[in-house]
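Trainee: Could you take me closely through the cavities, one at a time? I would like to know what lines them and where the lining comes from.

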Amino acid sequence: MHKKTGLIFFPAFDWAISPTHPEREERLLYTRDQIFEEGVMDLPQIHEYAPRLASIYDISRTHFCVPQVQNQVTEAHLIASGSILQLADSVVSGEIKNGFAIVRPPGHHAMRVVHGNRGFCNINNEAILVDYLRRRHGIRKIAIVDSDVHHGDGTQDIFYHDPDVLFISFHQDGRTIYPGSGFSDELGGPGAYARTLNVPLPPGIADETFMYVVDNLVLPVVNEFQPELVINSAGQDNHYSDPLGSMRFTAEAYADFTQKLKPNLAVLEGGYAIETALPYVNLAIILALAGIDYSNVREPDYYPGKFKESPEKVAQVHRMVEELLKTWNTRDQVDFSQIFGSGKYYQRKKFIFYDTDYINEQQLEQVRRCNECPGYITIASRARRGNPAPVSIFAITIPLQACQACHSEAYDIYDQAKKKPEYDYVYMQDKYTDKYRTYVKSKGQELVTKGLVENAKNYSIE
Amino acid sequence: MYIGIDVGGTSTNAVLLDNGLVRDSVTVPSSADIITSLLEALDKIMTNVTAESIERVVLSTTLITNLIAEKKYTPVGLILIPGPGLSHEYYQFHTDTLIISGAIDYRGREIMPLNDDEIEKAINILSTKGYKKVAVVGKFSVRNNKHEQEIVSKVKCLQPDWHVEIGHQVAGQLNFPRRVVSTMLACATRDKYSFFVESVQAALTMRGIEGPVLILKADGGTMLLNKVTGVPIETIFSGPAASTLGVQALIPPGETAVVVDIGGTTTDLALILSGQPLLSSKGAPVYEQLTQVRALAVKSVAVGGDSLVERVGQEILVCPKRLGPPFCMGGPMPTPTDALRVLGLTGVGNAKQAVEAMEILGQPLGISHSEVAQRIINSVINVIVQEIENMFTQWEQEPAYRVWEVLQKRKERPNMVVGVGGGAAGFITQIAAKVGGSPVIPPYAPVANAIGAAVAIPTLQVNLRADTERGYYTIEQEGYQGKIEKTRFTEEDALLLADEWLKKRAEKYGLGNTVSNSEINHRDVFNMVRNWTTTGRIYDISVQTPRGIIGHIGAKDGFSNA
Ligand SMILES: [Zn+2]
Ligand SMILES: [Zn+2]
């Protein structure tokens, strides 16, 4: 018997950002109707799992939630995240061949530091999954392909300096859509150059050019990267009927893409054509993952030849694909000191806007350049929400692959930062020992989230 | 007084309940004809009481189960309208299936019209092949039955004497393939069921019984024995439901228990969680095909007292088949019952023959007859215990679609392991020890199923879905679709409407106005927003009459709420 495709369907019928927000109860209602009426859950190729809750600890491994995880996540977030971890466990154990989490709320706009909700996201489900896979299952090399119409800026932010995560995002050109980033020159930091690839597509691009990008860039790069696991951030707002996007993809093309990429895990992200796209796209993706004929799935108003692409735009995409392939192929021959300088730290300044919560954040991110490991990262962040006084934090993250020198250096910096008057909170995210600390300046108190005992033993350096 | 009768595969049990006590019980062997068995048991149980004193009779029969298992029905042709979606090759229902173009979407909008020529052609093909029964089922017909209705009127016009069954009237939930199976089986069994109903009613009238006569359903509810109301296939698998309800009546209220019904070839397992029998989250599977029949979660394990036991190499295996009665009762091969006899856990059969049966298995392996017996019992127990664990796990891992449902998920362990059925006595103590509950074999355990039938009450549900933007609503259980008259139709209005329909259904099911306290199963409200303005609401509301039984056997105040 062939292995099944695992599904977790969690429409959160009792959760909304607000009654009229696109992230409201209704979002997956018609998808529910479609997949239930088709009897998808009864198919012998499908196994439906129950959702479960992620722990606060799973979130702390990935994010710096200000001031604490509990302030940034609701139970719905924990269920969406936990459902993905459930499917990951089942994929890794070999119980299922792949899994699809049709869950809400989404997460790909959530960055490492979380002051509030941006782009409908509070916590990044894929990033939490990656950190979990590494800690729980020892999986290191992972590829994430983001097929949402919006740039997966949160995921990019979190893995920008991680050489073991390949992040490819194709999306509508940032000059024409939220969040305004994801250009082809955003390629990752000095330690992870070309492990971030962005393909901004001009509005109006349809299935043919979508497949061109997949066949000529996404698939060859993913194959060469040789990941242990492939994740698809399966946003569906590239669909031709999406109210937020201006692309022209069909349900069938989403399924073709899924069949080609063969992700081990697919995670629903955006997609707000809740009637005209989601029921069909979700159904098509499920069938594609399960290896079932999806050729009879089609939108009621679609007919072949409905969309004509502009030849100039197509040529523009072809050129960009060629350019990016070249960057990928020559990624090890680059003189990094020319691009990134040659200091002890590589740093970037970021201005982050939280559209849902109207928060403005300024960040200074510094990466310790190290020949032995990817280096720790420090982030000084200051965020203002409306009138109240801004919140200042300092955060340090030590990667799982950290060397001894970086590890102890990072702790020195943590101790120094705790003494600095300008920070309200100081965070230490030590993925090496799986311990997460928050120092609350006003109380002079340190909170520690302790790791999974059985794994902490293996990694403890104390 | 109440009468409950369970017509099972091997025996028919009847009980007479009087003010919460079992006044009498009888068991007669089942004959080939269900009505004969039923009336034999009825006449015996009525020997000392008058017909006027019988307030109601509830039957549980294998009628539909047998009809379907033995395929004793004329074939049913299918006319389906699946539209786009899953490839049509997936619709294999082992009968002539004609696919008509046309499509309705999830909100009941027509997205592709029917084609009259195709319909006529389909009817002609079925007619040429000799079909006289047809099931007509469309995808999303529960949201809009227009296409189904149009095809049915065409059939009625061209073939007025055909028996037609319509999807939305048989199975109102979302799930097209299950709706097809349910409708096909409803079509297949309707006439035989009607014949059964007429015969039983005539026989009861002859005996002067005037109280209501009801039939038990797979979900443990009842429906009036009436050939027009309800769907016959809902009475499939009422046997396990009867046993479970019987146990519910025989143990104190509120208990969490496992019901272990060990028969000759199968063991049926059911769960009672905090006093309520667990319903299956999916519809009942009928011989490999899933239906939309609401049923108790019953797990059938292919092991029982008469199961064949064989030696294969060094192993002694309990096989999932029966070759006859136990060796100690003159059967051909060793069975678990022989093992029980050897260990003194049962008194049936001949002790010497039981030892002989164990020796047949043990001698080539050089092990004693008592050790063989212990091994057999252990393996039977292990299979059953494993399945009990699986049932609990499965229940804990049922999908949930709302935040509150995920948060209220709990773990439960049984306090009691209750044995009913012929083979239970010998096994139950050891099963309970492994599961971690106390073993119970209630009084009247052998007739628990008839008690279950006697205490069953009708449970009625109404699922209302109202779409204020489109201005219509549907009632799942009735296949009804109607207009929303009010311009501002609120959640309160939707609840009132659902309650109104519940009362209507109660009337139809002969419950009069007893539906005073309805329960809300769930109420989902979906704000519909298009272009940033609210354009309507979808209400998805489910109400039901309280589930339960008339009362518990031996309760101090009798059946007070009867
Ligand atoms: Zn998006
Ligand atoms: Zn280092």
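Mentor: What follows takes the cavities by size and then their linings. The model is predicted, so to speak of its local features a pLDDT of at least 70 is needed, and side-chain atom pairs count only at 80 or more, while totals for chains, interfaces and linings use all residues. Residues are numbered from 1 along each chain as written, chains are lettered from A and ligands numbered from 1 in written order, and side-chain values use heavy atoms without hydrogens or water.

The structure holds six cavities of 30 Å³ or more (on a 1 Å grid over the protein atoms alone, sets of points where a 1.4 Å probe fits but cannot get out; lining residues have an atom within 4 Å of a point).

Take the largest cavity first. Its lining is made up of 18 residues. Nearest the centre of the largest cavity are Arg134(A), Asp162(A), Pro399(A), Gln401(A) and Lys431(A). By residue type, the lining of the largest cavity has seven nonpolar, four polar and seven charged members (Ala, Val, Leu, Ile, Met, Phe, Trp, Tyr, Cys and Pro are nonpolar; Asp, Glu, Lys and Arg charged; the others, including Gly, polar). Both domains of chain A take part: domain 1 (4-333) and domain 2 (342-455) each contribute at least three residues to the lining of the largest cavity, with bounds from an automatic or database assignment.

At least two lining residues of the second largest cavity come from α9 (278-290) of chain A, and at least two from β7 (103-104) of chain B. The lining of the second largest cavity divides into 11 nonpolar, three polar and four charged residues.

Methods:
On a 1 Å grid over the protein atoms alone, a cavity is a set of points where a 1.4 Å probe fits but cannot get out, and a pocket is an open set with protein on both sides within 12 Å along at least five of seven lines; lining residues have an atom within 4 Å of a point. Grid points are joined across faces, edges and corners, and a volume is the space filled by probe spheres set on the points. Helices (H or I, at least four residues) and strands (E, at least two) are DSSP runs, numbered from the N terminus.
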